[in-house]
Amino acid sequence: MKPFVGAGGGSAPSNDPDSYFSDDTVEVILGISEGRIRGLKDGSAKNFYVGQTPLLNANGVPNFTDFELSVHKGSATGELIIPRLGGQSTSQSVNTELSQNVPVVRQGTQLDIDWIELRLVVNSLVSQTDEGARARGLDIMVEYKREDEDYWKPGVLYADKGLTFEETANAQRIIHRGDQASAVSAARQQVVYDQNSKPDPTTAERNLGNVYGHRVWWFDTANGSFSPRFYSNGEFFAPAGVLIYTSTPGRESASFEDPAYIGMLDPDREDLRRTIFFWSLGIPEGSRLGDLWYNPTSARLLWYNGTSWVATLAPEGVYDPTVGHNVVATDGVIRLHEKITSNAVKEVKIKVERAGVPYEVRVTKMTQDSHELKDDRTDVSFESFQEIKAEPMLFPNLAVVHLLGRASDQFSSLPEFSGVYEGREVKVPSNYDPKTRTYDGIWDGTWKVAFTDNPAYIGYDLVDNDRYGMNSTYPIVLEPFDVYEAGMWCDLKRGDSDRPQFTFNQLIQEPQDARELAVYIFGTFGGRFFDDGNGYARLRIDNDSPAVHLFAKENVKEGVFKYSYTEAEGRKNDYTVSFKNPKLFYKEDRRRVFDQQRIETYGRVPDEFVAVGCNNAEEAIFRARVKLIADQTEVETVTFETAREGLYLEPYDIILVSDDDMDEVITGRIVGTDGHRTIYLRDNVYLEAGFDHEMVINLDDFSLAKLAIDASSVGKSTKVLTLAEDLPESGLPSQAVFSIGQDAKPYRVLTIGESEGSADGKSDGENIIITAIEVNRTKYAEAAEDDQVIQIETPVFEDDLSAVTNARITPRTETRQGRVVQNLLVQWDQHPNRFARTYAIASRFNDDPWVYHGQVRDPRFELPDTLQGRYIFSIQAISLTGQKSVVAYVDIDLSGEVRAVASRPPPLPQRRRRPAPRKSLRRGGRFPHVVPP
């Protein structure tokens with residue numbers, strides 16, 4: 001401990017702050033879904049999340065600094081992706097502390113690599129002087145050589161360029177970075193000639209060489225033959241050991257041997273044979289890692305990476321993997337002059353040539369070790385190294401997100417990455433506008449490709465698509481006009497709402513049979529998929545479509561209709577529906593829809609279901625109300641036998657049943673009139689087309705008015721009726737009661753089967769049994785009524801999850817049990833997001849592990865009884881929904897602090913004692929000293 005000085009005062013030692021911190025960069029390439037997709041919702045980084053925090057808040061302000069986000073939509077040919085941090089890598093751990101002049105040597109395992117990246121961790125680098133802690137120098141030599149070489153050579157050391165903030169208006173390439181040039185968006189050059197005559201390569205093409213990555217190919221398919229060749233030393237040669245497998249037009253293939261090419265794939269070069277496909281029809285099957293595929297239609301050369309066909313080589317130019325990096329040393333020496341008191345990462349790269357053999361690296365510390373120095377620290381470790389192949393990537397038909405950003409002080413571990421996407425672009429009718437959900441004119445039966453959340457068209461894609469739909473396994477045609485009708489049905493507005501009746505927004509992750517998945521999606525809007533087993537399918541809807549046939553006792557066997565009913569006590573009267581709510585960051589939300597009158601009568605009969613593909617409360621409630629109304633009103637099933645005319649029916653057709661033994665009457669109240677022939681009803685009614693309808697109305701004088709209904713009011717669900725004759729001159733009473741007699745009742749066909757016929761159970765082949773369930777034609781209109789929808793307010797959660805601001809530390813002292821102790825009061829400004837209810841606090845002392853202190857409600861935290869050293873605090877706001885903000889950090893160095901203490905009693909009574917100063921503690925700068933009297 002440094003002793004106190006005399007009364008002359010003087011200055012206390014003070015510590016410089018740390019001058020170097022880790023600056024790790026994270027690069028992530030995420031496969032999103034089957035392509036092609038539309039992209040991020042609204043084309044904005046507000047809908048891409050790191051953890052649960054969006055890259056941009058609602059005001060467009062970054063929650064994270066220095067990032068670049070690209071969304072590749074997943075076209076059929078794919079989009080070239082250039083890794084910025086190198087490419088595909090293999091990491092090897094070293095975890096060895098470096099000592100002066102003691103080389104640490106490690107050998108790689110990979111062949112034909114482009115980079116060696118070394119990761120060093122400086123544990124402590126500081127010089128202790130009388131004036132305090134200061135920066136210190138540290139030199140580390142990095143050398144490398146090929147395994148088959150005898151001499152080490154210093155590496156030219158590269159480091160990633162730093163990123164700064166920049167914003168672009170390109171919706172699908174959201175960049176927040178600066179001064180980093182993009183690498184040429186191409187790979188080593190490959191040229192393909194697809195012609196019968198011998199090509200004449202250009203000078204540049206002749207200079208490409210003849211090793212992997214630089215090749216001029218010639219595919220000669222003249223006279224029905226297939227002869228792949230490549231250019232080398234002024235001539236075109238057939239690859240070694242070429243074997244022609246097939247010359248089928250559109251599906252030619254051959255196998256070949258090429259040691260320079262296979263060297264990258266098979267380190268031992270035991271199996272040199274690979275296949276090259278010249279396919280324009282379909283996708284090659286049975287492919288192996290390293291096989292090549294040239295599609296003459298797209299004029300693109302692809303290779304098989306073990307899982308999919310990608311293009312590591314493109315014809316546009318030469319890919320320079322050093323672009324985006326700075327040269328930090330040309331002599332192989334890492335030179336640091338910093339003050340570091342907590343672990344800091346230093347990463348450097350060496351650019352190497354593809355050699356067909358592994359490389360070795362040697363790292364040597366050139367600076368004295370800590371134990372040889374009195375007070376200085378120079379502790380550094382060789383943590384790991386990576387062998388990198390810098391190859392661009394291409395993923396046809398796969399939507400991919402490419403994210404690059406600074407990671408060091410923005411998150412402490414690799415978080416979950418997620419986004420809200422507008423998904424697959426599918427076939428929609430050519431006269432359809434997916435944004436406005438409108439149809440222009442009469443459809444001509446043709447299609448176009450667009451993004452839509454209409455479940456009819458999404459389901460159709462799962463039938464029609466020949467890569468992943470039903471058509472990928474066997475040919476099938478779904479009646480297109482059925483799909484068109486279903487799409488229009490889904491797009492109908494709900495009551496007075498501007499929203500469609502049904503949507504589908506869901507990520508399908510689990511493998512499913514294409515047919516089951518199509519049926520699953522069609523079912524979200526009451527659709528039913530029927531496959532005749534002969535390659536033709538129909539899509540029918542549970543809607544209020546016109547009836548197709550009338551059955552009465554005259555065309556029913558023995559004139560008998562048989563009825564059955566559901567049990568009143570078993571009918572569901574209380575539904576709970578769950579859905580994904582964007583207002584709750586796509587977590588599950590629930591709503592309850594019930595019929596209180598029937599609950600009081602029959603007791604509560606609950607049920608619950610998931611509104612598949614639904615992401616708004618209004619639609620979820622609408623779906624639940626449709627189920628509730630159907631359960632309570634569609635309770636009657638009719639069965640009858642008819643002649644072979646029943647074979648003309650199809651499942652889900654609506655039929656009319658006219659039974660003299662059953663009364664079918666509509667009743668209700670009139671709530672208003674308009675003129676002499678327009679009346680407004682309290683409830684929706686549906687009057688079957690093909691019949692004359694008459695309304696009977698109660699009048700004030702206890703008389704009845706019988707009025708014919710105009711044909712314009714039939715065949716639809718409506719609350720407005722037009723009469724065929726004038727209302728009584730005396731007018732109608734308030735809330736007048738009416739009735740409308742129905743001559744037939746609608747039912748939906750469930751099953752069609754042959755009658756058992758005679759008593760011996762054999763069918764006579766003439767009679768058909770029909771089973772149908774009654775149809776409530778007004779259930780969708782009733783379900784959409786605003787005054788019948790349970791309104792549950794959902795709070796609008798703010799999405800500002802930026803770091804807290806103005807974080808600060810104030811040292812405080814107090815006396816505990818006669819001992820002066822030092823506390824640290826950490827304070828920050830209240831988070832602007834009103835749903836940020838608590839703050840998670842953690843601290844770290846010097847190089848010790850982080851200590852979690854729990855959560856506090858107020859923007860302050862006090863750490864008691866601290867020691868001399870460096871403290872770092874992390875502060876993270878947590879919202880009501882559990883989302884966490886970006887972490888904020890604040891630190892204080894107490895290493896050189898001096899406490900003010902009470903003076904000792906004076907040894908000489910005759911001397912006047914100076915008053916003891918107040919206990920205090922100050923950070924940095926000059927400090928008061930307490931001097932004996």
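Predicted model: local features only at pLDDT ≥ 70, side-chain atom pairs only at ≥ 80, totals over all residues.
**Entry 1: D891 and R870**

I started with D891 and R870, whose side chains meet in a salt bridge at 3.6 Å, N to O. The two sit in distant parts of the chain, D891 in strand β59 (residues 888–893) and R870 in strand β58 (residues 870–879), 21 residues apart. I looked up accessibility for both ends: D891 is partly exposed at 39%, whereas R870 is buried at 7%.

**Entry 2: other salt bridges**

I then asked how many salt bridges the structure holds. The count came to 42.

I picked R119 and E347 next; their closest N and O atoms are 2.7 Å apart in a salt bridge. R119 belongs to strand β8 (residues 115–129) and E347 to strand β26 (residues 344–351), so this pair ties together parts 228 residues apart in sequence. Are the two ends buried or partly exposed? R119 comes out partly exposed at 21% relative accessibility, and E347 is partly exposed too, at 25%. Since buried means under 20%, R119 at 21% counts as partly exposed.

D574 and R604 form another salt bridge, with 2.5 Å between the closest N and O atoms. I found D574 in strand β40 and R604 in the loop between α6 (596–602) and β42 (606–610), so the pair ties together parts that are 30 residues apart in sequence. D574 is buried, with a relative accessible area of 0%.

I also noted a network of salt bridges that links D482, R538, R540, E650 and D653.

**Entry 3: S578 in β40**

While in β40 I checked S578, which has its place in that strand (residues 574–581). S578 is buried, its relative accessible area being 5%. What does S578 touch, leaving aside its neighbours within four places in sequence? I listed E588, D589, R590, F609, V610 and A611 as its contacts.

Helix α3 (residues 455–464) and helix α4 (residues 480–491) have axes that come within 7 Å and cross at roughly 145°. From α3 the contact uses P455, A456, Y457 and Y460, and from α4 it uses V483, Y484, A486, G487, M488 and C490.

Next was α3 against helix α5 (residues 514–522), where the axes come within 9 Å and cross at roughly 170°. Angles over 145 degrees count as roughly antiparallel, and α3 and α5 are therefore roughly antiparallel to each other. On the α3 side I noted P455, A456, I458, G459, Y460, L462 and V463, which meet A514, L517, A518, I521 and F522 in α5.

**Entry 4: strand β19**

Last stop was strand β19 (residues 251–257), and I wanted to know how many of its residues are buried. The strand is mostly covered, with five of its seven residues buried. β19 pairs with strand β20 (residues 273–279) in the antiparallel sense, over seven bridges. Which residue in β20 stands opposite A254? I traced it to I276.

Note on methods: Residues numbered from 1 in each chain as written. Heavy atoms only, no water. Helix = DSSP H or I, 4+ residues; strand = E, 2+ residues; numbered from the N terminus. Buried < 20%, exposed > 50% of the residue type's maximum accessible area, 1.4 Å probe, protein only. Contact = heavy atoms within 4.5 Å. Axes fitted to C-alpha atoms, helices over the stretch in contact; angles between N-to-C directions. Pairing = 2+ DSSP bridges. Parallel < 35°, antiparallel > 145°, perpendicular 65-115°, else oblique. Salt bridge = Lys/Arg side-chain N within 4 Å of Asp/Glu carboxyl O.
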